[in-house]
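Work through the exercises below with the sequence and the model in view. Try each task before reading its solution.

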Number of protein chains: 2
Amino acid sequence: MRAVDIIIKKRQGLELTKEEIHFIIDGYVKGEIPDYQVSALLMAICFQGLNAKEQINLTMEMLHSGEKIDLSSIQGVCVDKHSTGGVGDKTTLVIAPIIAACGLKIAKMSGRGLGHTGGTLDKLESIPGFQIAISPENFFKQVQEIGIAVVGQTANITPADKKLYALRDVTGTVDSVGLIAGSIMSKKLASGAHSILLDVKVGDGAFMQTLEEAQVLAKAMVNIGNSCGRTTVAMLTDMDQPLGEAVGNSLEVIEVIETLKGRGPVDFTTLCHEICIEMLLMTNFAKDELEAKQRIAMVLQDGSAIEKLRQMILYQGGNPEVINDYQLFAQAKNIMTVKSETSGYIKKIHTHSIGDAAMLLGAGRKTKEDIIDPSVGIKVLTKVGNFVNKGDILAQIYTNGKEEANALRMTQQAFEMTKEVVQKNQIVLDIIK
Amino acid sequence: MRAVDIIIKKRQGLELTKEEIHFIIDGYVKGEIPDYQVSALLMAICFQGLNAKEQINLTMEMLHSGEKIDLSSIQGVCVDKHSTGGVGDKTTLVIAPIIAACGLKIAKMSGRGLGHTGGTLDKLESIPGFQIAISPENFFKQVQEIGIAVVGQTANITPADKKLYALRDVTGTVDSVGLIAGSIMSKKLASGAHSILLDVKVGDGAFMQTLEEAQVLAKAMVNIGNSCGRTTVAMLTDMDQPLGEAVGNSLEVIEVIETLKGRGPVDFTTLCHEICIEMLLMTNFAKDELEAKQRIAMVLQDGSAIEKLRQMILYQGGNPEVINDYQLFAQAKNIMTVKSETSGYIKKIHTHSIGDAAMLLGAGRKTKEDIIDPSVGIKVLTKVGNFVNKGDILAQIYTNGKEEANALRMTQQAFEMTKEVVQKNQIVLDIIK
């Protein structure tokens with residue numbers, strides 16, 4: 001077998017066999033096949049695609065390239081949730097406590113943010129003292145005892161994906177359905193949960209810009225997951241405006257706490273509930289939607305959901321008092337306001353720009369080496385379809401001075417107005433099982 | 001400027017600017033842009049193509065990456081000829097003496113063979129003593145004095161093309177019209193001649209399998225040449241059967257001498273004459289086809305064409321007596337015959353297989369390091385459309401024993417027979433100016 005022949009085969013649009021995919025991935029991880037052959041193959045894949053069989057074989061190769069987390073020692077039903085990333089997406093931190101309070105186990109390894117999207121680990125680290133680096137023993141112990149843990153990746157899972165992703169990033173081969181699906185699903189499979197809920201974001205602030213693209217990706221991932229014996233459901237959800245109000249780490253954690261207290265923004269609260277419903281249904285923890293809704297309402301009302309968050313903070317070294325006293329979070333020095341310059345309906349919120357503006361303030365990273373300022377960010381106080389009067393506050397900028405003027409200008413320009421009535425966005429666009 | 005953005009731009013099918021092409025090629029030659037980004041870009045080019053403007057800019061970048069041969073010190077009109085390569089293609093060695101005898105100057109840098117196609121330098125080296133490594137001074141002096149030289153490349157021309165070609169070879173990105181055209185034309189432009197005749201081979205034994213593909217490549221190359229101020233003509237010629245009879249180095253040189261003596265195979269003789277006619281016309285050395293034909297007939301008849309070959313052999317250290325005594329060439333130990341197993345018409349000759357069979361015998365190289373045996377090869381004694389009786393000799397195998405059985409079997413199988421009348425191949429399929 002020669003790598004060049006496999007490249008030519010894919011260039012011609014032919015299906016690669018399991019053995020050929022193994023030859024490439026295994027050879028690449030071992031350093032026997034050079035970057036330049038793999039990048040040419042990746043580009044050929046971007047044009048010719050990978051069919052369902054190839055996607056499964058690629059995913060399995062990447063899965064088997066590294067360690068796998070074995071959750072079988074944990075009693076109960078372990079679920080996992082993955083978001084393709086968006087602006088203001090703090091969903092994990094609300095749904096994990098709710099479903100843990102409902103009796104499911106969530107042993108989640110999460111990631112950091114890059115570019116305009118935030119990362120759950122960065123958000124958690126805005127809680128004073130919170131540790132995301134937990135030993136495997138303590139991780140398992142925590143999940144067993146309180147049913148919830150959100151930690152950084154410690155095990156060397158899917159090294160093939162890491163190497164491939166780094167190459168894709170610099171060779172213009174990131175956005176290819178088969179490669180994205182394989183990358184996400186190999187990590188999810190390696191993380192061990194038997195039920196996987198995928199939140200596929202759609203819109204200006206997301207990786208997938210259109211519903212059609214997102215559906216193709218979602219179907220690919222659900223197919224891989226189900227083919228590998230995991231119950232997998234994908235929800236396609238709106239990212240044509242920031243999710244909730246808060247964009248920025250401590251601001252988002254505060255919004256999480258407010259949401260668990262029943263005072264969260266409507267769109268974000270709705271999404272969290274919808275995801276929890278699906279998770280209870282897919283694990284047979286509720287027999288129908290009505291029962292699922294009742295269970296969720298109960299754990300929110302009786303405080304057991306927020307108690308799960310408190311326990312997790314405590315177990316992971318953080319100060320759980322933040323739940324009652326938001327002043328314990330790092331505070332931005334200054335809050336600037338963005339006001340509407342005209343009266344009218346909000347036609348569009350350029351979500352990617354809001355994410356970039358927050359990044360410039362210090363809430364995110366332009367490069368992996370950048371250091372996050374947990375206190376800064378943007379609060380987007382209106383939604384697409386709302387009517388606002390001239391002078392109404394559209395957004396607040398929480399700033400410590402960094403790139404303040406640029407962030408202010410970008411945020412101001414992110415709002416598109418019209419005199420005509422605009423329909424409000426739906427939060428859940430589709431569910432693929 | 002970032003390489004990844006240029007890759008993505010081409011992936012999206014957009015035109016790359018002159019500056020972007022410069023950034024890539026210059027950065028690649030300097031080692032600032034890594035192989036893996038260039039190979040991804042090459043694959044994107046294979047799918048999205050290069051338009052005429054991009055082809056010219058790529059060619060010019062490669063041209064300017066190295067030394068250029070300045071032929072301005074040579075008095076007279078310098079012409080160059082390039083073949084895209086085929087089986088039994090010894091055309092240069094016939095046309096160069098003819099046009100030199102007609103008064104044109106041909107200062108040709110030629111190449112070696114690889115795979116199923118032969119190289120002019122390998123053929124010349126079958127002449128005892130012949131030197132292809134000539135100093136630039138002697139090269140210019142020889143062309144000035146006798147009007148003809150065929151040598152190996154000494155100057156460091158188009159290093160960018162060399163580096164790119166090596167990468168294309170191992171990344172499945174060889175066959176892309178824009179890349180092929182740029183590669184060939186950058187070398188031709190660097191070689192200095194102001195009139196360039198391109199012999200684009202079409203068919204089973206050629207790189208381009210169909211007339212349509214070959215036309216696209218020919219038009220691209222002619223456009224680049226003409227746009228860069230060189231008179232460029234492309235002839236599309238048949239490679240659906242070996243050219244002439246001889247395949248193998250000394251066998252081919254003997255056929256060259258026979259052709260200059262007026263006793264060459266019809267197809268090969270016709271092709272050589274047609275190419276010479278075009279060269280005389282494009283340089284205004286003949287006012288029309290009739291005059292061109294007369295001049296060619298004259299230099300063949302009066303012996304001045306074969307005298308040019310004799311002079312070249314002499315100047316380049318070879319023994320010119322080979323022209324009169326073919327026993328001075330290395331002789332194969334054994335000649336085996338391939339006979340027809342049925343009666344009928346020759347429907348097809350698998351030319352690529354004939355080339356491979358000759359290579360196996362030692363006439364060509366599987367890898368760059370292989371050593372050529374000048375004495376071995378194959379003589380194909382019939383043509384597509386000929387009627388043969390059972391037992392007629394189709395081919396002769398000149399062998400020293402190496403891979404003899406395989407070569408014999410491949411040659412036997414290369415002939416496809418039919419009971420129905422088959423049309424004979426036309427040698428010149430199209431001319432693009």
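**Exercise 1.** How many salt bridges does a search of the whole structure find over all chains?

*Solution.* This is a predicted model, in which local features need pLDDT of at least 70, side-chain atom pairs count only at pLDDT 80 or more, and totals for chains, interfaces and linings use all residues. Residues are numbered from 1 along each chain as its sequence is written, chains are lettered from A and ligands numbered from 1 in the order in which they are written, and side-chain values use heavy atoms, with hydrogens and water left out.

Step 1: apply the rule, a side-chain nitrogen of Lys or Arg within 4 Å of a carboxyl oxygen of Asp or Glu. Step 2: count over all chains, which gives 44 salt bridges. Step 3: take one example, Lys348(A) with Asp240(A), whose closest N and O atoms are 3.9 Å apart. Lys348(A) lies in strand E8 (residues 344–349) of chain A, and Asp240(A) lies 108 residues away in the loop between strands E5 (231–238) and E6 (246–247). Strands (E, at least two residues) and helices (H or I, at least four) are DSSP runs, numbered from the N terminus.

**Exercise 2.** Describe the interface of chain B and chain A.

*Solution.* Step 1: count contacts (heavy atoms within 4.5 Å); 22 residues of chain B touch 22 residues of chain A.

Step 2: look for salt bridges; the count between the two chains is two. Asp175(A) and Arg11(B) pair in a salt bridge through their side chains, at 2.8 Å from N to O. Step 4: find the elements of chain B involved. Helices H1 (3–11), H3 (35–48) and H8 (159–170) of chain B each supply at least two residues of the side that touches chain A. H3(B) gives the largest share, ten residues.

**Exercise 3.** Which residues make the contact between H11(A) and H14(A)?

*Solution.* Step 2: list the residues: Val256(A), Ile257(A) and Leu260(A) of H11(A), with Ala305(A), Ile306(A) and Leu309(A) of H14(A).
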